[in-house]
Amino acid sequence: MAHANTQFWISISFALIGGVICMIGLLMRVLLYYINKDRSNILLCIGVMALIWHVFIYCMIYTGEIQYYPRIYNKGIPFYYLVAPCFYFYVRLKLKPNAPMPKYWMLNLIPFFFGLIDVVPYAIAPLEQQKELLRLLVEDVPMGFRHNFGFVDQQLHYILRFSLAICYAIGQWRMLYVTDGIDKNVKKDVLLFNNIYTAYLVLQCSMVVAIVFNTIQEAYILKSLDKLVWVSLCYLIFSIWFVFDTIRKVTLARKSNV
């Protein structure tokens with residue numbers, strides 16, 4: 001699929017660069033976990049991996065390459081539901097490192113299993129049907145909201161996922177301001193994380209809300225390169241924060257072990 005628009009390539013470049021940076025950060029976070037055994041690193045890594053996959057699929061769709069890899073489409077739905085709770089509990093562990101997990105914390109995994117069940121119809125569909133769907137998707141991006149390869153309306157996934165994400169994000173901000181005795185550096189780290197993630201979330205939510213309540217213009221909204229550039233830029237900023245924060249923490253952890 002040929003694209004001459006500069007904004008398209010800017011948004012794709014931001015997304016790809018951000019993905020590469022995040023991958024580097026993930027490897028370093030794994031190293032950091034083995035150094036200090038901080039559980040929050042694992043949660044952050046899970047959330048970031050889901051974001052990387054989301055951006056990867058977004059790039060594949062907008063470049064048209066997804067039609068050549070039908071087996072990977074739609075597989076990320078359950079993992080996207082993990083981003084918000086993982087980031088929420090990451091913040092919780094940063095602010096309350098010695099606090100036990102809530103008694104019923106596993107209830108946060110219910111949306112993940114909901115998404116897991118809903119990918120089954122597409123996963124078991126004949127390969128030719130998958131290819132046909134992706135051919136239509138590349139030509140008409142809003143098809144991702146309208147196809148019937150699932151047990152529920154695809155728009156419901158977007159509404160539910162982002163509604164939950166907003167609730168978790170509100171919880172993150174609330175914890176930051178109601179938790180007593182927070183170390184100044186930790187509070188600064190969490191504040192920066194919340195700001196960047198909230199900006200990214202708000203931009204994505206604004207697109208989803210606009211699509212859900214204005215189906216007539218959904219094709220325009222999804223193909224609006226101005227919006228895609230801003231979402232990709234926020235993801236790139238998040239990636240840069242992620243890798244530099246990881247480098248700083250690895251350096252501090254090694255010094256403390258010397």
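Visitor: How many aromatic pairs does a search of the whole structure find?

Guide: Rings of Phe, Tyr and Trp (its six-membered ring) pair if their centres lie within 6.5 Å; planes under 30 degrees apart count as stacked, over 60 as edge-to-face and the rest as tilted. The search finds 19 aromatic pairs. One of them, Phe 87 with Phe 238, is tilted, at 5.9 Å centre to centre and 35° between the planes. Phe 87 is in helix α3 (residues 77-95) and Phe 238 in helix α11 (residues 225-257), so this pair ties together parts 151 residues apart in sequence. Helices (H or I, at least four residues) are DSSP runs, numbered from the N terminus.

Visitor: Are Phe 87 and Phe 238 buried or exposed?

Guide: Buried means under 20% relative accessible area, exposed over 50%, partly exposed in between (1.4 Å probe, protein chains only). Both Phe 87 and Phe 238 are buried. Ring pairs also link Phe 87, Tyr 90, Phe 193, Tyr 197, Phe 238, Trp 241 and Phe 242 into a cluster.

Visitor: What should I know about the model and its numbering?

Guide: It is a predicted model, in which local features need pLDDT of at least 70, side-chain atom pairs count only at pLDDT 80 or more, and totals for chains, interfaces and linings use all residues. Residues are numbered from 1 along each chain as its sequence is written, and side-chain values use heavy atoms, with hydrogens and water left out.

Visitor: How many salt bridges does the structure hold?

Guide: Side chains of opposite charge can pair when their charged atoms come close. The criterion is a side-chain nitrogen of Lys or Arg within 4 Å of a carboxyl oxygen of Asp or Glu. The structure holds seven salt bridges. Among them is Lys 249 with Asp 189, at 3.3 Å, N to O. That pair links helix α11 to helix α9, 60 residues apart, and both residues are buried.

Visitor: Where do Asp 245 and Arg 248 lie?

Guide: Both are in helix α11, three residues apart, about one turn of the helix. Asp 245 is buried, with a relative accessible area of 5%, whereas Arg 248, with 34%, is partly exposed. Arg 29, Asp 189, Asp 245, Arg 248 and Lys 249 are linked in a network of salt bridges.

Methods:
Helix = DSSP H or I, 4+ residues; strand = E, 2+ residues; numbered from the N terminus.
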